[in-house]
Amino acid sequence: EAVNPQEYTAVKMRMLEWGPDVSSDVKQAAGGKSVYLVAATLRPETMYGQTNCFVGTGLKYGLYEASESELFLVTERAARNMAFQGTFDRPKGVFNKVVDVTGAELVGTKVAPPFGIVKEVYVLPMEGVLATKGTGVVTSVPSDSPDDYRTLMDLRKKPEMYKIKPEWAAVDPIPVLSTPKYGDMAAEVLCKELKIQSQRDIKQLAEAKDLAYKEGFYSGTMLVGDFKGLPVVDAKPKVRQQMIEQGLAVAYAE
Ligand code: A2H
């Protein structure tokens with residue numbers, strides 16, 4: 001990992017309305033500032049197709065001061081990395097947590113996904129979110145991510161078990177790119193081909209993820225956005241740059 005750093009795009013999903021379980025401590029601490037759930041992605045070109053946001057219900061997050069007016073909701077590990085990468089409007093290495101937040105209480109919170117065709121989406125639980133990767137916040141693109149697709153379908157099947165309202169999982173996958181092998185719904189096609197039954201089918205999901213990633217990157221064509229018609233390989237850095245220039249994302253490495 002130290003030898004081969006990953007260059008993520010950390011997308012700022014603006015909090016629009018806290019979910020029913022968010023504590024009054026959190027609401028008070030947020031005050032009048034803008035709160036962003038910040039999600040690390042390797043596929044910025046797919047952000048048009050965001051349908052929800054995932055957190056781990058057993059994970060601990062915090063609200064961290066990013067500037068005078070902005071708070072970032074991420075894990076402490078990510079806040080520390082961001083502080084050392086100069087992401088915050090603070091001296092290098094300085095990060096200040098204003099309040100703790102649990103993943104469980106965030107479920108049902110409404111956020112605005114940057115560049116999303118759908119403008120308002122909900123925070124939902126995902127079982128496999130790692131505390132040791134990215135920000136602990138994962139944005140969901142079920143058209144192109146097999147993990148996201150399978151998790152969304154699991155949630156729709158058993159909303160009571162996952163303690164969600166069905167309407168929070170109501171946004172369908174949105175086509176964002178097309179590939180010769182899998183059409184415009186690579187994740188769905190691969191989950192069916194590999195007979196993936198649940199988000200716990202880790203091995204098959206890893207294979208599906210690899211196939212979707214390679215086919216999308218090398219053979220995909222954009223269907224939406226400013227770079228519609230361009231190969232994914234060319235659109236990817238352009239979408240990333242636009243998001244960063246517009247203040248809707250930050251570079252994040254680990
Ligand atoms: B990707 P890598 Cl469309 N725990 O973004 C689990 N997964 C996490 C995570 C965490 N803490 N942080 C980020 N991720 C996900 C989009 C996407 C992603 C698409 C297709 C594939 C894909 C939308 N979700 O990932 O282990 C994020 O999901 C498969 C490569 O560092 C992030 O990019 O390679 C990806 O995993 C980073 O995983």
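Predicted model: local features only at pLDDT ≥ 70, side-chain atom pairs only at ≥ 80, totals over all residues.

**Exercise 1. The surroundings of Phe84**

Task: Locate Phe84 in its helix, and state which residues Phe84 contacts when its neighbours within four places in sequence are left aside.

Solution. Step 1: Phe84 is placed in helix H2, residues 76-84. Step 2: With 13 other C-beta atoms within 10 Å, Phe84 is partly exposed. Step 3: Once the neighbours within four places in sequence are left aside, Phe84 is in contact with Lys92 and Gly93. Step 4: Met185 lies 101 residues from Phe84 along the chain, with 38 Å between their C-alpha atoms.

**Exercise 2. Positive phi values**

Task: For Phe115 and Lys163, identify the loop in which each is placed, and give the phi value of Phe115 and of Lys163.

Solution. Step 1: Phe115 is found in the loop between strand E7 (110-112) and strand E8 (121-125). Its phi is near 70 degrees, a positive value in a residue other than glycine. Step 2: Phe115 counts as buried, because it has 22 C-beta neighbours inside 10 Å. Step 3: Lys163 sits in the loop between H4 and strand E10 (177-178), and its phi is near 60 degrees, also positive in a residue other than glycine. Step 4: Lys163 has 13 C-beta neighbours inside 10 Å and therefore counts as partly exposed.

**Exercise 3. The packing of H4 with H5 and H6**

Task: Describe how H4 packs with H5 and with H6, and list the residues that make the contact of H4 with H5.

Solution. Step 1: Two packed helices are described by the angle between their axes and the distance between the axes. Step 2: Helix H4 (residues 146-157) and helix H5 (residues 186-193) pack at about 75 degrees, with axes 8 Å apart. H4 and H5 are therefore roughly perpendicular to each other. Step 3: On the H4 side the contact is made by Pro146, Asp148, Tyr149 and Arg150, and on the H5 side by Ala187, Glu188, Leu190 and Cys191. These residues comprise five nonpolar, no polar and three charged.

Step 1: For H4 and H6 the angle is about 130 degrees and the axes are 8 Å apart. H4 and H6 are therefore oblique to each other. Step 5: Here Pro146, Asp147 and Arg150 of H4 meet Leu205, Ala208, Lys209 and Ala212 of H6. This contact divides into four nonpolar, no polar and three charged residues. Step 6: The buried residues of H5 are Ala186, Ala187, Val189, Leu190 and Cys191, and they pack against H4 and H6.

**Exercise 4. The shell around the ligand**

Task: State which residues come nearest to the ligand and which element supplies the largest share of the shell.

Solution. Step 1: There are 21 residues around the ligand, of which Thr41, Gly134, Val141, Asp144 and Ser145 come nearest. Step 2: At least two shell residues each are supplied by strand E2 (34-41), strand E9 (137-140) and helix H6 (202-219). Step 3: The largest share, three residues, comes from E9. Step 4: By class, the shell divides into seven nonpolar, nine polar and five charged residues.

**Exercise 5. The overall fold**

Task: Give the numbers of helices and strands in the protein, and state what radius of gyration a compact globule of 254 residues would have.

Solution. Step 1: The protein has seven helices and 12 strands. Step 2: For 254 residues, a compact globule would have a radius of gyration near 18 Å; the protein has 17 Å, which agrees. Step 3: The C-alpha trace spans about 50 × 40 × 35 Å along its principal axes. Step 4: Buried residues make up 48% of the 254 residues. Step 5: Of the contacts between residues at least 6 apart in sequence, 73% join residues at least 24 apart.

Methods
Residues numbered from 1 in each chain as written. Near = placed C-beta within 6 Å. Helix = DSSP H or I, 4+ residues; strand = E, 2+ residues; numbered from the N terminus. Nonpolar A, V, L, I, M, F, W, Y, C, P; charged D, E, K, R; others polar. Axes fitted to C-alpha atoms, helices over the stretch in contact; angles between N-to-C directions. Parallel < 35°, antiparallel > 145°, perpendicular 65-115°, else oblique. Contact = placed C-beta atoms within 7 Å. Buried ≥ 20, exposed ≤ 12 C-beta atoms within 10 Å, placed from the backbone. Rg over C-alpha atoms; globule rule 2.2 N^0.38 Å.
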